[in-house]
Amino acid sequence: MTSKRKNHFENTEPSKISKAEINEIKELVNQVENEEFDELNPSTLKKLVLSFEKKYLKNQQLRDKYQNEPERFMESEIDLHEEIKKLQIIATSPDLYKLFVSLGSIVSLGSLIIHDNTDISISVIDLFNELVEAEDEEQDPEMSIFNGFIKNNIMETLVDNLSRLDATNNDEEQQAIHNTFSIFESMLELDGSKSAPILAGKSQLFKYLLNYISIQSNTPIPIKLYSSELLSSIFLNDENSRSIFTKKYNGIEKLLVLLSHFIKKQPESLQETEFVENIFSSVCSLLLNNNENKESFLKSEGIQLMLIFIKKKTQQRGSALKVLDYALTDSKKSNEIFVQELGLKTLFSSFMKKIKAKHSKKIYNESEDQEHIVTMLYSLLRNLDTTSDYYSRLMVKFTENDFEKIDKLLELHFKYFKKVQLADKNLKKNKEEQDEDDEDEDDEEILLKRLDAGLFTLQYIDLVLALLSNENKDIRNKIKESQDLENEIKTILNEYIQTVNKESESKFIKSLIDSF
């Protein structure tokens with residue numbers, strides 16, 4: 001026996017339409033109830049809505065009266081289903097959404113999501129997807145489809161309804177799940193700050209998403225992929241959702257268990273590859289500025305798992321480097337465990353590796369790898385206790401083999417400094433060639449182009465060099481051999497300090513520059 005789903009509409013206020021308006025619409029409907037029309041306008045919209053409401057009310061009454069005699073209400077069910085299909089034309093006229101919302105049918109339609117007839121439920125989900133997908137961001141916020149869904153608990157009801165949709169069943173139910181996810185995606189795109197907290201905190205969506213992506217499930221890969229995309233989107237839109245996912249659902253451990261299956265078994269399709277990448281991205285989001293999640297990551301042996309991905313040269317080694325980068329940022333314990341697990345050997349092996357043309361681009365992305373490696377080096381230098389054995393082991397890596405790692409850092413400095421210089425030159429040239437009427441690129445656009453050229457990586461290379469210079473006289477002398485190099489590093493760090501929001505970090509970098 002199926003448990004009764006929540007009805008989020010029991011305490012919803014009725015729509016505020018005057019009796020005169022209702023009588024006017026009734027008269028119109030009685031005149032042209034069966035009329036076909038090609039154009040939607042305010043008048044025909046009102047007819048459509050009232051015709052639907054009549055069929056909706058009739059079906060409710062017959063179901064209540066003949067609960068055990070389905071043949072008595074079957075015809076009304078067919079009529080109601082047809083009326084819902086007719087409403088899809090509204091999605092072609094977003095300019096009429098304000099009127100549609102004011103007529104109050106979102107309440108009636110929302111209650112049909114949990115209708116016992118799944119055909120009716122599925123048709124409402126399809127309709128809602130069409131409507132919200134066509135929503136214009138410039139709509140009146142109070143009278144928008146988005147606000148109607150928020151106000152009438154549509155998302156919570158859609159999540160509850162997932163309990164009776166089988167992802168492994170027929171195409172109709174799979175499509176209903178897809179359309180449900182599409183509604184969530186549209187809501188997140190319209191205003192993630194309002195919709196993400198509802199999906200994460202006021203519903204059980206995480207429970208269903210984790211079930212869909214589980215290795216044990218037979219969920220089709222398109223639904224697995226969509227589930228992973230929704231996870232990533234919710235985490236990006238709502239910081240609190242990351243804590244809920246870990247505390248309430250033990251989410252980090254479950255994602256790591258899922259990823260562990262892809263050490264020996266590589267993704268078999270482009271969709272599965274994208275799915276795995278989304279899971280790695282979700283882990284990164286969960287680790288961002290969240291110490292409790294980092295504790296859970298460490299407890300679940302996340303560092304050890306990521307090191308295996310790298311050492312075995314799996315297709316996901318770059319993603320594993322990125323996760324480690326996030327894990328080590330501002331976490332002394334993560335850095336210590338990384339050294340304990342012989343992470344330095346793996347990290348420096350990747351750092352010194354020369355990428356040859358024959359190496360698969362699926363495994364190596366040189367610029368991304370270098371970005372994550374140098375930020376990890378900075379985290380290690382910044383977070384490890386300078387009097388500890390961990391720090392001593394790190395410094396040995398920089399000085400061994402006649403300072404070959406320092407030579408590599410200097411090589412990377414010159415490489416990225418030239419790339420950023422070229423980007424600056426092109427930006428200047430473009431500005432000079434602009435017509436007077438052309439709009440100047442704003443500071444954000446200019447910064448993005450410089451970052452694309454490798455500015456971020458260059459900044460962290462120079463931070464590492466400045467730190468090492470302070471720690472080791474021989475390294476300092478090596479850098480000081482070139483006056484140009486010293487000036488370049490100071491220029492880059494002085495520029496970088498302007499973008500640092502954290503006061504303690506800003507003071508630290510300033511002290512590095514002053515003592516350099």
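**Close-up views of a predicted helical chain**

Of the contacts (heavy atoms within 4.5 Å) between residues at least 6 apart in sequence, 74% join residues at least 24 apart. The model is predicted: local features need pLDDT of at least 70, side-chain atom pairs count only at pLDDT 80 or more, and totals for chains, interfaces and linings use all residues. Residues are numbered from 1 along each chain as its sequence is written, and side-chain values use heavy atoms, with hydrogens and water left out.

View 1. Helices (H or I, at least four residues) and strands (E, at least two) are DSSP runs, numbered from the N terminus. The chain holds 516 residues, and 50% of them are buried. Buried means under 20% relative accessible area, exposed over 50%, and partly exposed in between, with a 1.4 Å probe and protein chains only.

**View 2. Helix 9 (residues 171-201) crosses helix 10 (residues 205-213) at roughly 135 degrees.** Their axes come within 13 Å. Axes are lines fitted to C-alpha atoms, for helices over the stretch in contact, and angles run from 0 to 180 degrees between N-to-C directions. The two helices are therefore oblique to each other. Angles under 35 degrees count as roughly parallel, over 145 as roughly antiparallel, 65 to 115 as roughly perpendicular and the rest as oblique. From helix 9, Ile177, Phe181, Phe184, Leu199 and Ala200 meet Leu205, Phe206, Leu209 and Tyr212 of helix 10. This contact has nine nonpolar residues, no polar and no charged. Ala, Val, Leu, Ile, Met, Phe, Trp, Tyr, Cys and Pro count as nonpolar, Asp, Glu, Lys and Arg as charged, and the others, Gly among them, as polar.

**View 3. Helix 12 and helix 15 (residues 291-299) cross at roughly 40 degrees.** Their axes come within 10 Å. Arg242, Ser243, Thr246 and Lys247 in helix 12 meet Glu292, Asn293 and Ser296 in helix 15. Here the classes are four polar, three charged and no nonpolar. Ser243 sits in helix 12 (residues 239-249). Ser243 is buried, at 16% relative accessible area. Beyond its neighbours within four places in sequence, Ser243 contacts Asn290 and Asn293.

**View 4. Helix 18 (residues 332-340) has buried residues Ser334, Asn335, Glu336, Ile337, Phe338 and Val339.** Their cover includes helix 15, helix 16 (302-311), helix 17 (317-328), helix 19 (343-352), helix 20 (366-383) and helix 21 (389-433). Leu342 follows helix 18, with a positive phi near 60 degrees.
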